[in-house]
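Open your viewer and get ready to click along with this tour.

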Amino acid sequence: MIALRPLNVGDILDGAITAIRRYPLLILGVAAVVAVISAGLNLVASLWLVPDFNRVAQLGPAATQQQQLDAAYSVLGSTLSALLPVLVISMLTQTFLTGFLTVVMGKAVLGRPVDFGSAMREAAPRLLPLLAVTILYTLATIVAAAFCLLPAVLPYVFWSLAGPALVLERGTIGQAFTRSRQLVSGMFWRVFGVLLLAGVISWLISAIISVPFSLGSGAFSGIFDPQATLPKVTTGGLVLQSVGKVIAETIVMPFTALVTVTLYIDQRMRREGMDIELARAAGIQPPQPPQQAW
C-alpha cells in the first residue's frame, strides 16, 4: 500500500489513492452510504427552508426595511433550527467513516486482508471515544478561529492526528491528543503543508463535480445580471445539487481521511522507527529512504 519508510508528500497522497483503488467497493461503498445519509439530511433541511428563501427572493424593490428585516430574521431562525440536527448527524457519520477507514488503512499497510465485517468489529469499540475527539477537535478549532485565524491553525495542526492515534493505539481521549501533539512537534509546517495540500485537492475535486449540478439547478442564474433578483429555490434544483454533493463527498471524504491516516503513519515512521516494526510485522525488509527532504 505504501513504502515502509519515511514518506514524501507524493507518497502520502499516492497512498490514499492506492488504498481507494485497491479496495474501491469497500471504501467508496461505505463513503457513498455516509454521503447519501448526509446529503439526505441536508436536503430535508433545505426543503424546510424553501418557503423562507422564496419569501426573500420575492421581495420587490418596494419592500420596506422592516419587511426585509422580518424576512431575514425568519430565514436565520429557520436555518439555525434546521442545521443543528444536520450537524449532529453529519458529525456522527463522519466519525464512523474516519474510524472505519483508519482500521482499513492500518490493515492494508501490512498487506493483511480486510473486509467490512472485520473492520467494523475493530472500529466499533473506538467510535464513541472518536466522536468525543472529533467534537473537542472541532470546538477547539472554532473557538480559536473566533479570536484570530493564526491561533486556529495551531489546534487544527497539532491535534490533526488525534483520531488515527486513538483508533490505532487504543489509548484514551487525552492520550490521543497528547500523541498527536508529540508526533507533530518539530514538523508543524510539514504537517500543515500536507493537510493544506490535501484540502485544496479535495476542494478542487468537489468543485469540479458539484458545479455542473449547481448550474443545472439554476443556482447561478442571473449571477452576471446586476438587475436580477435572487433565483427561486425549487425542489428539483435542490435534489440535483444533492446528487452532485453525494458524488463529490463519496470521493473527497475517504481521500481526506486516508491522507490523515497515512500522515500519522509517516510521522511515526519518522519519529519512532515504525517502518522497521511494520516491515517486521509484514515479513519484509524496508527499502532505503528517498532523497527528498520534504
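Is W189 buried or exposed? W189 counts as exposed, at 61% relative accessibility; buried means under 20% relative accessible area, exposed over 50%, and partly exposed in between, with a 1.4 Å probe and protein chains only.

Before going on, a word on what you are viewing. This is a predicted model, in which local features need pLDDT of at least 70 and side-chain atom pairs count only at pLDDT 80 or more, while totals for chains, interfaces and linings use all residues. Residues are numbered from 1 along each chain as its sequence is written, and side-chain values use heavy atoms, with hydrogens and water left out.

**The whole chain**

Start with a cartoon view. Of the 294 residues in the protein, 43% are buried. Switch to a surface: the accessible area is about 15,300 Å², and carbon and sulfur atoms hold 69% of that. Accessible areas come from the Shrake-Rupley method with a 1.4 Å probe, and for residues only the protein chains shown count as cover. Among contacts with a separation of 6 or more, 77% are between residues 24 or more positions apart; a contact means heavy atoms within 4.5 Å.

**Annotated spans**

Colour residues 25-50, 82-106, 127-147, 153-168, 188-211 and 246-265, which an unreviewed UniProt entry labels "transmembrane region". UniProt positions are given in the numbering used here, feature names are shortened, and annotations may be inferred rather than shown by experiment. Residues 188-211 are 100% helix and 0% strand, with end C-alpha atoms 34 Å apart. The span 246-265 is also 100% helix and 0% strand, and its end C-alpha atoms lie 29 Å apart.

**Aromatic rings**

Next, show the Phe, Tyr and Trp side chains. Their rings (the six-membered one for Trp) pair if the centres lie within 6.5 Å; planes under 30 degrees apart count as stacked, over 60 as edge-to-face and the rest as tilted. The structure has eight aromatic pairs. In one of them, W159 and F177, the ring centres are 4.9 Å apart and the planes meet at 65°, so the pair is edge-to-face. W159 sits in the loop between helix 6 (149-158) and helix 7 (162-169), while F177 is in helix 8 (residues 173-184), 18 residues apart. W159 is partly exposed at 30%, whereas F177 is buried at 11% relative accessibility.

Now return to W189. With F188 it makes an edge-to-face pair, 5.0 Å centre to centre and 90° between the planes. F188 is buried, with a relative accessible area of 12%.

**A salt-bridge network**

Which residues are linked with E169 in a network of salt bridges? Select R179, R268 and E272 together with E169 to see it. A salt bridge is a side-chain nitrogen of Lys or Arg within 4 Å of a carboxyl oxygen of Asp or Glu, and the count by this rule is nine.

- R179 to E169: 2.8 Å, N to O. Here R179 is in helix 8 and E169 in helix 7, ten residues apart.
- E169 to R268: 3.6 Å, N to O. E169 lies in helix 7 and R268 in helix 10, so the pair ties together parts that are 99 residues apart in sequence.
- R179 to E272: 2.8 Å, N to O. This pair links helix 8 with helix 10, 93 residues apart.

R179 is buried at 16%, and R268 is buried at 15%. E169 is partly exposed at 27%, as is E272 at 34%.

**Two last stops**

Pick A19 in helix 1 (residues 9-22). A19 is buried, with a relative accessible area of 1%. Beyond neighbours within four places in sequence, A19 contacts M1, I27, M105 and L258.

Finally, select R170, in the loop between helix 7 and helix 8. Its phi is near 55°, a positive value in a residue other than glycine. R170 is partly exposed, at 44% relative accessible area.

Notes: Helices (H or I, at least four residues) and strands (E, at least two) are DSSP runs, numbered from the N terminus.
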